Amino acid sequence: MVSQILSGRRWPTVKQLDSLVRVLASQAINSPGEDAESSRFITLWTAAEEPFLEAASETYLRDPIDRAFEEASASGDVTPIVVLAEKRPPETIVDILNKLKERSWVNFAKGLLEGLAERLEPSRVPALASLLPSLSGDGWFPADGGIFVGAFARVRSIFDVCHLADLMMRAGATGYAAILVRIVRDERPLAEIAELFVSLHKGGHGWKVGNTWNSDDVWPDSPNTVLLLIQEFLSLGCPEGVPILVARFGSGHSSKHRWDLYQLLGEKAMWDVREGMIQSLVEVVTEREVAEFVSIAASAGDEELSSRVIRGLVSFRSWGRASHFIQFLPPELEAIASESRKRGKGSP
């Protein structure tokens, strides 16, 4: 059979072609890789007519989708459908998924989405993701756009993920962008997490990860992880991201985490970063969370720090916000805040 395929006397199935190309690629000296060669040959195979036929057979005059379905069915491999769909607009991909649904080919449908997550250019993902929810309403299979975007985040290069996150943010699809960030944070190396955050920032999105997605818990919740992330930000030439990171860290989590980070920064002699953390407590962190932090500091015996943060906050914020802050303080710290307010603000 192999000799017939190599001599052109036999037209291989896609599974036969894939196996043969992988074997030959593994033995080649300058092979670009088995996966790359297999993908290239299958693309050529899909576009080609059988060379030994004088006229196209009835099979090859049929609809390309039906042809791809026949090849996939014969081989048990979804690759012909993936290769076909990769070249089609998102509306046609949805049509293909609907045809798979009519046949109850659940595994092929899942395989198609997984294959497209590996192959599609980032610029083509948002449009397809926006159409996929229309398929998931009846629970037939998980065609939700979020699942598709999540698969993309797991298998693609961090460069592609950063590109897609930028596109999603520009389109206003912050929910999908949050999925990308969350999966990178949970499943990929720390250096790639920092690269994604910095990419969003340098792409003109500010620090919207922290500003609008707190409910999605996209920031790390481990003080040690944040310390390493700070070091990555500095190594990427993005020191402006550090104050935002330390300000947002702890939001939605225990304020003890913020205190532990403060201690770690001292142990590493990162005095500038720690000073920026104090400044963020004074200027941007919520009043309740600042009150929790200064209470922990006072309990740990650092009364100087707690007094400094209290006085700084009361001086910096409006009368109403300062009053709101004082309500969260334990009685033993209220006096410091009240005295500072009288000195710095006067009567309302």
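This is a predicted model: local features need pLDDT of at least 70, side-chain atom pairs count only at pLDDT 80 or more; totals for chains, interfaces and linings use all residues.
Residues are numbered from 1 along each chain as its sequence is written, and side-chain values use heavy atoms, leaving out hydrogens and water.

**The largest pocket**

- A pocket here is an open set of points on a 1 Å grid over the protein atoms alone, where a 1.4 Å probe fits, with protein on both sides within 12 Å along at least five of seven lines; lining residues have an atom within 4 Å of a point.
- The largest pocket holds about 400 Å³ of space, a volume being the space filled by probe spheres set on the points.
- At least two lining residues come from each of α2 (14–27), α3 (34–47), α5 (79–86) and α7 (106–119); helices are DSSP runs (H or I, at least four residues) numbered from the N terminus.
- Helix α7 contributes the most to this lining, with five residues.
- By class, the lining has eight charged, five polar and three nonpolar residues. Asp, Glu, Lys and Arg count as charged, Ala, Val, Leu, Ile, Met, Phe, Trp, Tyr, Cys and Pro as nonpolar, and the others, Gly among them, as polar.

**α6 with α7**

- Helix α7 also packs against α6 (residues 90–102), at an angle of about 155° and with the axes 9 Å apart. Axes are lines fitted to C-alpha atoms over the stretch in contact, and angles run from 0 to 180 degrees between N-to-C directions.
- The two are therefore roughly antiparallel, the word for angles over 145 degrees; under 35 is roughly parallel, 65 to 115 roughly perpendicular and the rest oblique.
- Ile93, Ile96, Leu97 and Leu100 of α6 meet Phe108, Ala109, Leu112, Leu113 and Leu116 of α7, where contact means heavy atoms within 4.5 Å.
- These are nine nonpolar residues, with no polar and no charged ones.

**α18 with α20**

- The axes of α18 (residues 287–299) and α20 (residues 319–328) come within 8 Å and cross at roughly 45°, which makes the helices oblique.
- Glu287, Arg288, Val290 and Ala291 in α18 meet Arg321, His324, Phe325 and Phe328 in α20.
- That contact divides into four nonpolar, one polar and three charged residues.

**α10 with α12**

- Helices α10 (residues 158–170) and α12 (residues 190–205) pack at about 40°, their axes 10 Å apart, and are therefore oblique.
- Their contact has seven nonpolar, three polar and four charged residues.
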